[in-house]
Amino acid sequence: MAAGFLVTMYEYSPLFYISVVSLCFVVTAAMVLGWFGFDVPVILRSSDETESLLPTPEKQMVQRTNPFILEMGSGSASVADGLFLRPCCLEPCVLSCFWGCEVSALQAALLAHQRCPLRTPRCLQEALQLRYHHCHSFHIASEDREECHTQIPADQGITDFGPLPRERYPLVAVLTLAEPEARNTYNIVASLTVIHVPDDKYSLSARVLFQYLLTSQGNMFELKPLFMSADNGGVMTASEPLDSEQSTQPTEPNEASPVEPSPVVEEGRSAGRGRDCVVCQNAAVNKVLLPCRHACVCDSCVSHFQHCPMCRAFVQESFTLTQGPAAEQ
């Protein structure tokens, strides 16, 4: 009876031809898109194709202890009124705030760091060659979270740093270890943060443009945020090493700083585990997907995706937030 119905549809209904051709077109298009790596609905995938997904490459990590934390403080910020910074260090340190630092001077200082590491505020001042408007220093005790207020003296009469593109950064804040013994203990000897501060000609709100960690071997790492889901909350940071050309070329104040993917270094103060995986909602988040930097899946679910569950970006590789007992063995 079913065969007779199909024969009748074949003889008398042109919709039969249209349906068959459309179905063949959809299946063929899905197979071609899946072959070239494009995402297709799961219903159009075979079980063999789903099971044959290649595992996401694991990026090798090197753990480092970062003794510095520098955050934007409370209250409004402007060139005229200054701004508040909240440092927190594992050891006594010195916070040096360089207002109106020339972009070229900072590039030259970072290049000099490769030859002779910048361990102290005096070394940094000599590397900058006094090419800044004002320097304000604070001595920070260990684990001290008190906010520091820095601003340009009013008698200098500086209310802005000129039109865009600018030749000076509004503020460069540098944390260095105060004690010689601590400089020999930690691999990271300085933290450099470039901050935008609104003024009369550019009213964009105050924000961190980029952050660098300087090591005792003359290397430099750029700190980048790791994005969590909205339910989990919180933002962590990881650092990526820069090569010699990138490390000496900070971008203009009005541009972003793109860096090619490279081995990621986990922060010594990464946030604790306990966030739920956005896929299974059971295990803790422990994988960061690159290059989008979304921390959203667990160890088990990461092998089932070629695209990020959060932003649908193609996953090139991933790295682990914390190594468990099984991973260490």
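User: Which residues in helix 4 are buried?

Analyst: Please note that this model is predicted. A residue counts as buried when its relative accessible area is under 20%. In helix 4, this holds for Val103, Ala105, Leu106, Ala109, Leu110, Ala112 and His113.

User: How many residues does helix 4 have, and how far does the helix reach from its first C-alpha to its last?

Analyst: Helix 4 covers residues 103-115, which makes 13 residues. Its reach is 19 Å, close to the 18 Å expected at 1.5 Å a residue.

User: What is the order of the strands in the open sheet of three strands?

Analyst: The order is 2-3-6, and the pairing is antiparallel. Strand 2 (68-72) and strand 6 (148-150) are the edge strands, since each pairs on one side only. On average, neighbouring strands of this sheet are turned by 30° against each other, direction ignored.

User: Which residue of strand 6 is the bridge partner of leucine 85?

Analyst: The partner is cysteine 148. Three bridges join strand 3 (residues 83-89) to strand 6.

User: Why is the pair of tyrosine 169 and phenylalanine 210 edge-to-face?

Analyst: Planes over 60 degrees apart count as edge-to-face. The planes of these two rings stand at 85°, so the pair of tyrosine 169 and phenylalanine 210 is edge-to-face, with centres 6.0 Å apart. Tyrosine 169 lies in strand 7 and phenylalanine 210 in strand 9, 41 residues apart. The rings of phenylalanine 210 and tyrosine 212 have planes at 35°, so that pair is tilted.

Terms used: Residues numbered from 1 in each chain as written. Predicted model: local features only at pLDDT ≥ 70, side-chain atom pairs only at ≥ 80, totals over all residues. Heavy atoms only, no water. Phe/Tyr/Trp six-rings, centres within 6.5 Å; stacked < 30°, edge-to-face > 60°. Helix = DSSP H or I, 4+ residues; strand = E, 2+ residues; numbered from the N terminus. Expected span 1.5 Å × (residues − 1). Buried < 20%, exposed > 50% of the residue type's maximum accessible area, 1.4 Å probe, protein only. Pairing = 2+ DSSP bridges. Axes fitted to C-alpha atoms, helices over the stretch in contact; angles between N-to-C directions.
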